[in-house]
Each structure stands twice: as structure tokens, then as C-alpha cells.
Amino acid sequence: MGTVKRALAIGPLRAQRKPPSRLWTGGENVAVVTTEALGFTDGSEPDRTRWLHAFRRLLDGLDSQLEVVIEVDPGPNEMIETAPLHPRDFDEMRGNDLWFADQLAELRSACRRTVTFVIAREHSARLEAALREIGVGFHLRPAGTSTVYGRQHASLLLHSTGFSRTWYVERLPGLELDPGWLFGLLPPGLRVTLSWHATPLPSAWVVGYLQRQLVSMRASRLQNEGSDPALAAAVPAAEGLQRKLATSQEKAFHVSIYLTVSAPTMQQLELGATRIDTASRAALSRLEPCTFRMLDGYLATLPVGVDRLRRKRVLDTSALATMLPWSHAELRQIGGLTVGTNRATGCPVTFDPFDHTRYANANIAVFGHSGAGKTYLLSALAMAALGCGVQVFLIDPEHEYGRLATLLGGVDVQLALGSGHALNVLDLRPSDHHDEAWLGPAAADAVDLCSIICGGLDEPERALIEAAVRSAYRDRIQPVLRDVAERLPSSSRAAVILGRWVQGSLGQMFSSPTNIDLEAPIVAFGMRELRDEMVAPVHFLLAEALWTRIKRKERRRMLVVDELGLLFEDPTIRRFVVSLARRIRKYQGSLMFATQNPGDLLSSESGSVVATNPAIAFFGAQRPGEAAKLQRTFHLSQRQRSFLESARRGEFLLSAGPDRLSIEVKAPPWQEDVIRRARGAARPPPRNGRLTSARAASPSLPHLSSRRSPVGASARSIRSPFGCSNLALRSAVDRQHAFAQPVRDGVLPTHEARRAGQPFRSGLREDGGR
């Protein structure tokens with residue numbers, strides 16, 4: 001540096017560093033239009049074709065210079081801050097969810113992308129009309145005067161927000177450009193701005209220009225005897241472009257492309273520049289730095305419509321249309337449910353299923369094979385809905401959500417003999433006025449239940465039961481099914497059959513006053529222990545009780561049905577679910593269901609209605625056969641089908657109205673803690689009498705965590721404080737492990753094995769349950 005200073009010391013003249021100053025002011029004569037995200041990459045093939053054609057029409061209709069700016073801005077934080085305390089009420093639940101979404105948005109892995117169009121003010125109306133035709137949301141931003149302060153160096157620019165370096169695109173990646181190739185120049189985690197300027201050219205001028213270039217290239221090829229491969233490829237390309245321009249099939253543009261990376265420190269700027277260079281090489285393009293003109297390059301990437309470098313090349317409409325500025329969809333609705341992060345951009349994903357201006361209904365479908373993360377997703381959505389004031393009903397064939405409902409202040413209903421829970425068909429319709437408008441539907445519900453229990457009724461029997469129901473309502477303040485059975489002739493078939501269902505364990509469930517709080521914020525109905533003969537009656541009672549409350553429209557309600565494929569075999573629940581799918585939106589409700597066999601659901605007409613009805617769908621990991629069926633039904637692209645076949649646990653393709661994006665499900669910390677506690681309580685470790693007694697006899701034996709089953713422990717993992725194995729317990733642990741292994745595989749051990757594993761007999765039933 002000293003040598004340079006001495007070289008520039010000419011007589012009394014001296015070279016001095018220019019201090020920071022105002023470098024440029026302007027930008028007030030343009031219109032700035034900021035657009036929303038558009039999921040071109042994950043869109044279906046018809047949508048991608050439609051968007052490309054609409055963007056071509058936008059370009060062909062240009063009469064003035066257009067600048068398109070793509071800004072990528074990562075968050076400032078490396079990790080999420082300390083989570084807040086567990087919520088004490090529903091308002092705090094909602095606050096924690098919003099806090100979590102904001103924290104995800106501030107991570108460095110979350111890259112916010114903003115697309116801005118800059119055009120002359122007099123042409124802004126035509127641009128807005130073209131954007132409406134594409135179907136992308138936008139808003140017009142007032143363009144005020146922009147000022148750049150700083151100091152320009154040969155290889156960088158120092159300004160108010162840090163250091164920046166700008167390149168221009170010297171070589172495009174080949175002759176055939178794929179739509180969205182520009183995004184290959186934008187590495188994640190960097191603050192990058194990419195812009196391109198397009199100026200339409202007169203066709204006559206371009207045709208003449210190409211003719212002169214063709215003459216020059218043909219002469220050069222003859223002179224070099226065809227030894228230049230680049231020239232051999234350029235001649236037919238120029239001839240094809242000239243022919244298209246002459247026949248008005250294409251339009252020509254002067255196009256210049258610039259890219260600026262910014263960083264707070266010089267070291268980070270150099271690291272970013274290295275990544276930019278690597279990305280350009282991977283994209284098969286060449287970037288050249290704007291050496292000694294970093295200010296002009298920086299201005300070319302600002303949304304001010306200025307291009308003082310004018311590093312232009314001639315492109316036709318087809319090539320320019322591949323610079324479509326939208327790549328991945330973003331979904332973050334104000335007041336929506338927090339579901340996770342966008343795998344492409346890292347930004348949080350929130351959606352409001354009850355936004356009827358955006359979605360046709362509030363129904364949600366979850367498809368994924370076993371182990372895809374459906375239970376975790378359903379639990380997170382249910383808890384997020386609770387924070388928004390939505391009442392949640394859970395129909396759970398495997399009884400996996402009971403403890404979750406209890407921890408959230410709800411009700412865990414076990415629909416099984418001896419559980420103590422009862423649903424009275426005669427009080428499913430609560431009302432203050434028992435007039436005929438109320439009595440008629442209530443009597444019809446009781447007759448339908450008796451018909452299901454009796455395997456069908458003829459008209460005389462239905463009339464007899466309805467008369468008994470009306471008599472019970474007149475004589476009793478709160479009648480039960482037993483009161484109806486007592487009023488039937490003892491010799492009738494219905495009286496004989498109902499006599500069994502109003503006594504004993506069956507009577508406790510079907511002929512007792514309803515003792516379930518159906519107004520609780522969350523109610524889970526577990527059906528794991530439901531006997532086959534009770535399935536249809538219980539489903540009928542459940543459907544009538546829930547449908548009655550949903551139709552009251554007092555509040556928003558969400559009905560969650562897990563493993564719909566299992567419940568869909570029953571005609572009662574099938575009719576109920578089909579009716580809900582078609583009508584629940586009119587009552588401010590939402591139907592959310594999950595299934596691991598979408599092919600079985602789509603094979604029937606009613607199942608296809610339910611599967612294709614939801615406006616929001618989550619597609620998790622699928623087997624190849626199921627992925628092919630989903631591709632045909634929901635018009636998924638080949639890339640999306642490949643994603644379903646290779647998705648990991650917790651990864652889903654979210655289809656929400658017009659948006660499709662791949663997400664990673666992430667619940668807020670408080671939700672994860674509740675799910676973990678619920679799962680831990682749902683699977684208690686088996687009791688081990690011998691190991692417990694040994695611990696009491698040997699105080700030196702370490703305590704085993706209650707979340708880990710002693711079955712999984714080995715003899716070597718049980719050690720004394722002196723560092724040696726407790727040999728006295730090795731044989732006992734070996735016997736326990738050998739006994740429990742078949743149980744975990746679903747095979748009941750033999751009588752000899754049970755005698756050998758005596759410590760487990762106190763915690764194991766004869767049917768294999770713990």
C-alpha cells in the first residue's frame with residue numbers, strides 16, 4: 001500500500017481516502033410493486049404452465065424498462081431463545097404459539113424472500129393487471145426519494161448497513177434454460193439481492209442486428225474452418241431467433257443481471273463471496289465483479305429502476321420467461337395455527353383453516369403411513385386450535401389422546417364396558433323447551449338407536465317404540481332407555497332384545513344419564529376396548545351427540561378422527577363423516593381426519609368424497625403404491641410424488657388452497673412437553689416385583705427412570721458404586737428380558753415361560769395386556 005501511495009505522490013499532489021459521503025439520490029419517478037410468494041417449484045404441472053404463459057404475456061406487453069428485484073434476508077439469530085413458561089390458560093397458549101412462530105422467523109436458517117417490480121409510473125396499471133392474471137398477490141409501495149451514503153472501494157462498497165459486493169452475469173448457463181434457474185445463484189443463509197433489468201427492443205432493429213452478427217459469425221466460421229465449437233453452436237441459435245422475431249413469435253429484450261451480497265463485517269463478506277462464486281460455478285454460469293464501479297452495481301440491485309452499468313445482452317421472451325422471480329410458496333397467515341417450518345426457506349408456516357375467503361372449507365386431511373408423524377401433527381393442530389378458542393372433539397380408535405385431553409383440562413372418555421361413562425340417547429338434545437319441534441327429533445333418535453341394537457325394525461315395531469319413547473318423556477323428567485324398554489310389551493322382540501341392553505354393564509353405558517361433559521374444551525373418545533356388538537350403537541350415539549352440538553353454532557368446533565380407515569368400515573360413522581365433510585363449514589366447524597391407507601379410502605365413492613373434500617391436506621411419507629394413487633387423485637407432480645416416497649418422519653407436503661409447500665412439523669416447546677408427558681403416561685413401564693424387592697434389599701442399586709422399561713435394561717447396565725456388576729441380579733434380568741421379548745412382538749408366552757418370568761405375572765394379564 002505504501003508503494004502505491006508513493007507512486008501516486010506527483011509533485012504537490014497527494015492521494016487521500018475519500019470519507020463517507022452521500023453517493024446517490026433519486027428513484028422518485030418509478031412505481032414499486034411488492035408481490036407475495038408463489039409456489040412455482042412445488043406447483044402442479046397445469047399451474048406451472050399457466051403461470052409461465054401468464055408471465056410471458058406480461059413480458060410481451062412491456063413498453064418500457066422493467067426491473068425485477070429478488071431480496072433474500074436471513075434472520076439474525078442462530079438458535080431459539082429460552083422458551084416461556086408453560087401456559088396457564090388458553091390466552092397464554094395462543095401467546096406461546098405466536099412467540100414460537102416469531103422465533104422461527106428470526107432464525108438464520110429462515111430466509112425471507114421479497115419480489116419487487118419497478119416500472120415507470122405511467123405503466124404501473126398495466127403491470128398490476130398482468131400480476132392479477134398470474135394470480136399473485138401484490139401491493140403498491142409509494143416510491144420516495146432514495147439516498148445512498150457510504151464510501152466506494154475498488155472491490156466493495158461500505159454503506160449504512162454494512163459491506164457489499166456486486167457482480168454481473170457474464171455468461172448464462174447454456175442455451176436451454178430451466179424456469180427458476182436464477183435461484184441457483186442464491187445460497188441459503190446469505191443476505192443477497194438479485195435483480196434483472198429488461199428493456200424491450202424494436203423487432204426491426206433486432207432482426208437487422210442479428211443479420212449483421214450472422215454475417216460476421218459465418219465469415220469467422222469459414223475463416224477458422226469450423227474449429228470454434230462455441231461459434232458453431234451460436235450460428236443456428238441466432239438463425240432460429242431471427243426467424244422467430246421476423247414472424248412475431250418472440251419479442252427481443254436488452255437484459256442485464258446483477259447480484260449483490262451484503263454482510264456486517266469484511267470477513268463475512270469474503271465468506272459470502274466465496275459461496276456466491278461456488279454457486280455460480282454449480283449453475284454453469286459466470287459472474288464478473290463490478291470492480292471500481294461497486295456503487296453502480298449496488299444501485300442496479302436497489303428497487304429504484306437504475307442501471308448505470310448497462311451490462312446488457314439480447315434475450316428473447318422464452319429465455320426471459322425462465323427468470324420467473326417466484327420459487328417457493330410461503331404460508332404465514334395472521335391469526336393462523338403454527339404447524340412448523342418451510343423446508344425450502346426455513347420460514348414459519350401458519351394457516352387459518354377458518355379463513356373462508358381463502359379456503360373453500362375448514363376441513364383438514366392427513367395422509368401418511370405408520371410412523372410418518374400423524375399423531376404428533378394431529379396433537380399439535382388440536383392444541384393450536386384450543387389456543388384460538390376452538391372446541392376440539394377427538395375420536396380415537398386406539399385411545400392415544402386420552403392423557404393429552406386430561407393434561408389440557410379436558411375429558412378422557414373410555415367407551416368400554418365398566419368404564420363408568422354413559423351416553424343417554426334421550427338427552428342428547430339439550431333444550432329448555434320440550435315442545436314437538438324438540439320431541440320429534442329426540443324420539444326419532446331413540447327409535448334409530450333401538451333399530452341398530454335390534455338389527456332392524458319393521459314399521460309396527462318402530463311405531464311401538466316411538467309410542468313408548470313419548471310416554472317416557474311424559475312420565476319422567478329425565479328418562480333413560482330402561483324406561484322405554486319397560487313400556488314395551490314383554491312378548492315383543494324389541495323388548496326382549498332391549499332388556500339385555502338396559503341391565504348390567506351394557507345398561508351402565510346405554511341406560512344411564514349422560515355423565516360426560518361435552519362442553520369441555522377438549523373431549524377425547526377412546527374406542528380401543530369397544531366390543532364389536534357395541535360399535536354401531538356407540539357410533540350412532542356419538543354422531544348424534546356431536547352433530548347436535550356442532551349445529552348449534554355457538555362456537556367454532558373441530559372434530560378430529562384418527563385412523564379414519566378403521567372407523568369407515570361402520571356404515572353409521574361413514575354416513576356421519578360424509579355428512580360432516582359436506583356440511584360442517586356452514587356451522588363454523590372443521591373436520592380433521594388422518595388415515596394411513598388412503599388407497600382404501602379412495603376406492604369407495606363415499607370415501608373419495610371425504611378424502612378429496614378438505615381444502616387443506618397434509619401428505620406424509622407413503623409407500624410407492626399409495627403415493628401413485630395420491631398423485632393421480634390430487635394431481636401431484638413427479639417431484640412431489642418422489643418427496644412422499646422419501647419423506648422422513650415429520651415431513652409433509654402441505655396443500656392449502658392454491659399453495660403447495662413441503663414442511664417440517666415443529667410444535668412449540670410447551671406442546672412438545674405436553675405430548676411427551678401424554679405419551680409417557682399412556683405407556684407405563686411394566687411392574688417388576690423381583691427387581692423392586694431387590695432394590696429395597698440393596699440400597700446401592702441405582703434407581704431406574706420411570707420412562708424406561710426395565711425390560712430394555714441389560715445385566716451389565718446395573719452396577720454397584722464400586723464399579724462392578726451386580727452378579728446377583730444378572731440371572732433375574734436375563735429371565736425378564738427373555739420373557740418380555742415375545743410380548744413386545746405380539747406373541748403370548750407359553751405357560752412355562754410365564755412361570756420362568758414370575759416377576760412379570762403381577763403386571764400382565766392372560767390376554768397379553770399390561
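1. Glu128 sits in helix 4, residues 124–134 (helices are DSSP runs of H or I, at least four residues, and strands are runs of E, at least two, numbered from the N terminus). With a relative accessible area of 15%, Glu128 is buried (buried is under 20%, exposed over 50%, partly exposed in between, for a 1.4 Å probe and protein chains only).

2. Basis of the numbers. The model is predicted, so local features need pLDDT of at least 70 and side-chain atom pairs count only at pLDDT 80 or more, while totals for chains, interfaces and linings use all residues. Residues are numbered from 1 along each chain as its sequence is written, and side-chain values use heavy atoms, with hydrogens and water left out.

3. Overall content. The chain has 27 helices and 23 strands. Of its 770 residues, 51% are buried. Among contacts between residues at least 6 apart in sequence, 76% join residues at least 24 apart. The accessible surface of the chain is about 36,400 Å², and carbon and sulfur atoms account for 51% of that surface (Shrake-Rupley method, 1.4 Å probe; for residues, only the protein chains shown count as cover).

4. Ala443. This residue belongs to helix 12, which spans residues 436–453. Its relative accessibility is 0%, so Ala443 counts as buried. Leaving aside neighbours within four places in sequence, Ala443 is in contact with Glu466 and Val469. The C-alpha atoms of Ala443 and Ile465 are 8.9 Å apart, and the two residues are separated by 22 residues in sequence.

5. Salt bridges in total. The structure holds 38 salt bridges (a side-chain nitrogen of Lys or Arg within 4 Å of a carboxyl oxygen of Asp or Glu). Side chains of opposite charge can pair when their charged atoms come close. Three of these pairs follow in the next points, and then a network.

6. Arg308 and Asp296. These two residues form a salt bridge, with the closest N and O atoms 2.7 Å apart. The pair links distant parts of the chain, 12 residues apart: Asp296 is in helix 8 (294–300), and Arg308 is in the loop between helix 8 and strand 12 (313–316). Arg308 is partly exposed at 37% relative accessibility, whereas Asp296 is buried at 11%.

7. Arg343 and Glu651. Which parts of the chain does this pair link? The salt bridge between Glu651 and Arg343 has its closest N and O atoms 3.5 Å apart. The partners lie 308 residues apart, with Glu651 in strand 22 (residues 651–656) and Arg343 in the loop between strand 13 (337–342) and strand 14 (348–351). Glu651 is buried, at 4% relative accessibility, while Arg343 is partly exposed, with a relative accessible area of 39%.

8. Arg358 and Asp659. The closest N and O atoms of this salt bridge are 2.5 Å apart. The pair again joins distant parts of the chain, 301 residues apart: Arg358 is in the loop between strand 14 and strand 15 (364–367), and Asp659 is in strand 23 (residues 659–665). Arg358 is partly exposed at 33%, and Asp659 is buried at 9% relative accessibility.

9. Network. Salt bridges link Glu519, Arg549, Arg552, Glu554 and Arg557 in a network.

10. Charge patch. A surface patch of positive charge gathers Lys551, Arg583, Arg585 and Lys586. Patch members have over 30% relative accessible area and no salt bridge; like charges are joined within 9 Å, and nonpolar side chains (Val, Leu, Ile, Met, Phe, Trp, Tyr) within 5 Å. Lys and Arg count as positive and Asp and Glu as negative, without His and the chain ends, and a charge is placed at NZ of Lys, CZ of Arg, CG of Asp or CD of Glu. Lys551 is in the loop between helix 17 (532–550) and strand 19 (557–561). With a relative accessible area of 32%, Lys551 is partly exposed.

11. Backbone. Most residues other than glycine have a negative phi, and most peptide bonds are trans. Lys553, in the loop between helix 17 and strand 19, has a positive phi, near 60 degrees. Lys553 is partly exposed, at 43% relative accessible area. Arg310 also has a positive phi, near 55 degrees. Arg310 lies in the loop between helix 8 and strand 12 and counts as exposed, at 51% relative accessibility.

Key. Contact = heavy atoms within 4.5 Å.
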